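Subject: Structure for you to look at

Hello,

Here is the structure I said I would pass on. Please open it first, then read the notes below it.

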Amino acid sequence: MNATTAMEVNAEARRILAVSISKLYASRTQRGGLRLHRSLLLSMVMRSARDIYHSSREIEGQSDAQPTSEPMETSSDQTVPEPQPELQPAVNAAEPPSEESDSEDEGCDSDIAEDKENMSPTKQSRKRRGKAAAAPDFLPSKRARLEPGEERYAAQLGSCRAGAAESLTALSLNLNRVIPAF
Amino acid sequence: MCLNFSLNGSNHLLLSLTSMVHNASFKTDVCPVGARNCSRSCGSSGAVTGAGGGNSDVQWCFSQVKGAIDDDVAEADIISTVEFNHSGELLATGDKGGRVVIFQQEPESKNQPQCRGEYNVYSTFQSHEPEFDYLKSLEIEEKINKIRWLPQKNAAQFLLSTNDKTIKLWKISERDKRPEGYNLKEEDGRYRDLNTVTTLRVPVFKPMDLMVEASPRRVFSNAHTYHINSISVNSDCETYLSADDLRINLWNLEINDRSFNIVDIKPANMEELTEVITAAEFHPNQCNTFVYSSSKGTIRLCDMRASALCDKHAKQFEEPEDPNNRSFFSEIISSISDVKFSHSGRYMMTRDYLSVKIWDLNMESRPVETYQVHEYLRSKLCSLYENDCIFDKFECCWNGNDSVVMTGSYNNFFRMFDRGYRQDVTLEASRENSKPRSVLKPRKVSTGGKRKKDEISVDSLDFNKKILHTAWHPLDNIIAVATTNNLYIFQEKLN
């Protein structure tokens, strides 16, 4: 795959990721609760898009590609970071799931930004945290964490591009936790 | 449980089986085993010669359309399931508003022996109401996901209807007589003055206007954490299964406060979830066998005699993926949306997004037949993903003698595939083609560059007009096709 097609694939992957994230977000508010099947399919698409995005970026990096045109970047910049800040306050307000954790609706919002619930059930507080109190505590920890062994890809191109890339890696790194403790 | 052996098509076995069944007191007017060429005189109308045979013979014409005419569709009126009963006399539909409407076929009139009876409304009732799960802060939709009829045992009809969480057994009974001539009460119900009672009489039944009553006999609830996608009545007529995304439960029709979990594919760690159950069905003849399909495109056949928990499948049906067709959306389009056994029980049909596959239960490695429903959409998957159409769950159905299969598509098109003649046809359910007894003209989608006259190009297809639910009369060539909020009934053209 040469640099040009890698760029196209990269843009396509970013677009699909952006669309998927907005779908995931929208499905939380739909009637009847989160659909497990649909969420699973969305996460699979996001995973393939993420893999293709990363592999195409590697190829781009290898061939030292030039920055792409502005319109493409700004559109993807706007769509991708937007859901993320919206997700964070939504997760703040969500009740931490119980141990049985069959609550589907908050599964997906807490998945992307944080997976505290999955990691250590014993540390979960069953108390409903107030919005005001939660905001300052949660905000730092809601930033996506890197999985052990994975490293951030260096921003090689313009700053706006790096912004999109970072938010994408941040969102996509936790893809395997899209469907957490249900 | 009864009848543990399967019909293998040999006449000897078939006849001995039907004789066993006919000696039992069945009050149906239909051959209970659906025998196609039943030569036993059971007084049934089971044998229908030439039904659903070659597509070259059968022409379909419009019969009726039910539902509102205006284009502004109320969400509650969206049809979510369609099902004929075992005799084909009754046709049930469920909608998003939780209502069930049952149509009954009028008896064939002497004046028009060539025209099969029309379907008119028989009963309408509210099956499910919206509920709220306070523990999870979730609203439970009242949409009817599936309706399944029970085989008729007495004068009343029974059906199971389900929404996302609760299954209900409904009894639909007719009342056409009422008692009159009580001694203590007047006709309007007021009690009579005892002093005026000088003689005694026995109340008698007098005819009255037909009243059809639907009453819930059982409510099966609190057994599913995830959304119920299928219910299937067992051939033993005592049990049924209900399947959600991760679990399948077995119920006794008489007992509603407990069920047995027979399949559980929930992983210990939900992060490892890779597939969900999308549909499940009991074998039509073997009461110990059922299948369930997954979002990964596999079908597992399980035997309940093997163990109480059927996590280990007896057979797994899977076709290896064509590496040339790999895309972002391969997983979505390989997800099976419906699985249906043939009436004979020898085959099963699965529907994924682009195709219909027919499997021989004896061969797990690949389907015996594959039919492309709308292959021209393969290059449009990205847009279909964006407008959510790629998540549409199409159903499929067999005709009475398993020679033709049918499924829906977009633009109010539906497709039929004749297995014997290797022909397929695309028809359209629309108000424009709705003159009584007008023959449906085959439609064609142009895929190449040149668009012929009367063909429609892929880009002109209306993806909001989708046919997800279709049903075929078990004995005759009568089909029910549901567009968004209308139900079309088409019949074979008879001359």
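**What was found**

Across the interface of chain B and chain A there are 7 salt bridges. Please keep in mind that the model is predicted. One salt bridge joins the side chains of Lys23(A) and Asp388(B), at 2.7 Å from N to O. Polar contacts were counted as well: 14 residue pairs between chain B and chain A, both residues at pLDDT 80 or more.

Which elements of chain B give two or more residues to the side that touches chain A? They are strand 7 (138-140), helix 2 (330-334) and helix 3 (381-386). Helix 3 of chain B gives the most, with 3 residues. Sorted by class, this side of chain B has 13 nonpolar, 8 polar and 13 charged residues.

The size of an interface is often given as the accessible area lost when the parts come together. For chain B and chain A, the buried area is about 3,100 Å², with 58% of it on carbon and sulfur atoms. On the chain B side, Glu271(B), Phe328(B) and Tyr385(B) lose the most area to chain A, together 24% of what that side buries. In terms of contacts, 34 residues of chain B meet 33 residues of chain A.

Now chain B by itself. Chain B holds 3 helices and 32 strands. Of its 495 residues, 52% are buried. Among contacts in chain B with a separation of 6 or more, 54% are between residues 24 or more positions apart. The accessible surface of chain B is about 23,600 Å², and carbon and sulfur atoms account for 48% of that.

Regards

Notes
Residues are numbered from 1 along each chain as its sequence is written. Chains are lettered from A and ligands numbered from 1 in the order in which they are written. This is a predicted model: local features need pLDDT of at least 70, side-chain atom pairs count only at pLDDT 80 or more; totals for chains, interfaces and linings use all residues. Side-chain values use heavy atoms; hydrogens and water are left out. Contact means heavy atoms within 4.5 Å. Buried area is the accessible area (1.4 Å probe) that two parts lose on being put together, summed over both. A salt bridge is a side-chain nitrogen of Lys or Arg within 4 Å of a carboxyl oxygen of Asp or Glu. A polar contact is a pair of N or O atoms within 3.5 Å; within protein, one must be able to donate a hydrogen and the other to accept it, and residues adjacent in sequence count only if both atoms are side-chain atoms. Helices (H or I, at least four residues) and strands (E, at least two) are DSSP runs, numbered from the N terminus. Ala, Val, Leu, Ile, Met, Phe, Trp, Tyr, Cys and Pro count as nonpolar, Asp, Glu, Lys and Arg as charged, and the others, Gly among them, as polar. Buried means under 20% relative accessible area, exposed over 50%, partly exposed in between (1.4 Å probe, protein chains only). Accessible areas come from the Shrake-Rupley method with a 1.4 Å probe; for residues, only the protein chains shown count as cover.
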